[in-house]
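Take a look at the sequence and the fold below.

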Amino acid sequence: MGRTMSDFPQIQLLAPKRGMPPKHFADLSKDERIDALKELGLPKFRADQIARHYYGKFEADPLTMTDLPEAQRQTVKDALFPTLLTPVRTVETDEGDTTKTLWRLHDGTLLESVLMRYPGRATLCISSQAGCGMACPFCATGQGGLDRNLSVAEIVDQVRAAAAMMAAEGSRLSNIVFMGMGEPLANYKRVVNAVRQITQPSPDGFGISQRNVTVSTVGLAPQIRMLADEGLSCTLAVSLHTPDDELRDELVPVNNRFEVSEVLDAARYYADQTGRRVSIEYALIRDMNDHDWRADLLGKKLHSALGSRVHVNVIPLNPTPGSKWDASPKARQDEFVRRVAAQGVPCTVRDTKGQEIAAACGQLAADEDAS
Ligand code: SF4
């Protein structure tokens, strides 16, 4: 038998500790931008002009926006473009295909985003919160608790920075996954606002296809239902990690509030409303959640809740410094996948790109001292 529940520390959901950044252009609605510029003595059409720079050319510094009156560039910068993200360190791996950037926010909070280049696409993994309050005991981010929610502009500017990096390489950013630090649906309104800015065409957004945006969650059932009703068609990824409540209460503490059946009902509602297939994320942990019976139960529950509108991503657990949990052996992993698939549920093992630089799922701990 594997480890028992008593192996898990009792971790409380933690409250936010820090303050939000100053207002940025990307925090404002169209009308608010026009009002803000009016206060600076600038006419309405400047709002669109600045938006074209920001969303179309990925420029965040009004001093470079040469079609703005020179005398007002600094005023616009001071009022609407505070520096939100300052790069602290950039690490590359996978022969330069993966770039992890550590950012410092205005209040000293650290966060990370990871850019992964694949043939024909480039995916950015972004953070929605600094730290995370969900306290999953196997996750590096969860160990530090929640610092605070990110503002809309702090989320959006991670995308702008990566889009600028890809443009400089003569390529483009095509996919966004909200799988960095934080529980996106715990910062619901800002994440939905950011998704709209990511997906609307320029000058209202970066024009990335909604279908190429994935919002992940540990299973905040009411927010999954709200997201289903937003009229968006992004992919929903639910980090399930086990099909039974007994273990999930420990692995994903929020399960004590929203149990597996409630989460899967909400996922079905999402699939019904959006017509999108739901992704189920399953970090496979040796002797913990990798048993044959769990694979069978997972396949059965998913098939009955979602039919063919589901796909399971098995993620070999990534080594976290100091963690006692380990990935399942390859043969166990293969058998797990086979058993889930045997229930009629598509199931594959996720590419763990970025693992060498501790950038894969559950590894974004934003440690400035790490190499
Ligand atoms: S696994 Fe996700 S939800 Fe859980 S603590 Fe880590 S970042 Fe938060």
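This is a predicted model: local features need pLDDT of at least 70, side-chain atom pairs count only at pLDDT 80 or more; totals for chains, interfaces and linings use all residues.

## Salt bridges

R148 and D107 form a salt bridge through their side chains, at 2.9 Å from N to O. A salt bridge here is a side-chain nitrogen of Lys or Arg within 4 Å of a carboxyl oxygen of Asp or Glu. The pair links distant parts of the chain.

Residues are numbered from 1 along each chain as its sequence is written, and side-chain values use heavy atoms, with hydrogens and water left out.

Helices and strands are DSSP runs, numbered from the N terminus: helices are H or I with at least four residues, strands are E with at least two.

Is R148 buried or exposed? R148 counts as buried because its relative accessible area is 1%. The cut-offs are these: buried means under 20% relative accessible area, exposed over 50%, and partly exposed in between (1.4 Å probe, protein chains only). D107 has 24% relative accessibility, so D107 is partly exposed.

R148 has another partner. E154 forms a salt bridge with R148, and their closest N and O atoms are 2.8 Å apart. Both E154 and R148 are buried.

K77 lies in helix 3 (residues 70-80), while D61 lies in the loop between helix 2 (45-56) and helix 3. The two are 16 residues apart. K77 is partly exposed because its relative accessibility is 23%. D61 is partly exposed too, at 25%.

Why do such pairs form? Side chains of opposite charge can pair when their charged atoms come close.

The table lists three of these bridges.

| Pair | N to O distance |
|---|---|
| R148 and D107 | 2.9 Å |
| E154 and R148 | 2.8 Å |

## A polar contact and a histidine

Q129 lies in strand 5 (residues 129-131). Q129 is buried, because its relative accessibility is 3%. Which side chain does the side chain of Q129 contact? The partner is the side chain of N149, in a polar contact of 2.8 Å. A polar contact is a pair of N or O atoms within 3.5 Å; within protein, one must be able to donate a hydrogen and the other to accept it, and residues adjacent in sequence count only if both atoms are side-chain atoms.

H53 is in helix 2. H53 is also buried, with a relative accessible area of 5%. The C-alpha atoms of H53 and D67 are separated by 9.9 Å, and the two residues are 14 apart along the chain.

## Cavities and the ligand

Rolling a probe the size of a water molecule over the atoms shows where empty space is left. On a 1 Å grid over the protein atoms alone, a cavity is a set of points where a 1.4 Å probe fits but cannot get out, and its lining residues have an atom within 4 Å of a point. Grid points are joined across faces, edges and corners, and a volume is the space filled by probe spheres set on the points.

There are two cavities of 30 Å³ or more. The second largest cavity holds about 70 Å³ of space. Its lining includes T99, W103, L115, Q158 and M165. Strand 2 (98-104), strand 3 (110-118) and helix 5 (152-168) each give at least two lining residues. Helix 5 supplies the largest share, four residues. By class, the lining has seven nonpolar, four polar and no charged residues. Ala, Val, Leu, Ile, Met, Phe, Trp, Tyr, Cys and Pro count as nonpolar, Asp, Glu, Lys and Arg as charged, and the others, Gly among them, as polar.

The ligand has its own shell, including C132, M134, C136, T141 and V218. A residue is near a molecule if one of its heavy atoms lies within 4 Å of it. This shell has six nonpolar, three polar and no charged residues.

## Backbone details

Most residues other than glycine have a negative phi, and most peptide bonds are trans. D94 has a positive phi, near 50 degrees. E95 has a positive phi near 55 degrees. E95 lies in the loop between strand 1 and strand 2. E95 is exposed, because its relative accessibility is 81%.

A cis peptide bond joins S202 and P203, with omega about 10 degrees. P203 is in the loop between helix 6 (188-199) and strand 8 (213-217).

Conventions. On a 1 Å grid over the protein atoms alone, a cavity is a set of points where a 1.4 Å probe fits but cannot get out, and a pocket is an open set with protein on both sides within 12 Å along at least five of seven lines; lining residues have an atom within 4 Å of a point.
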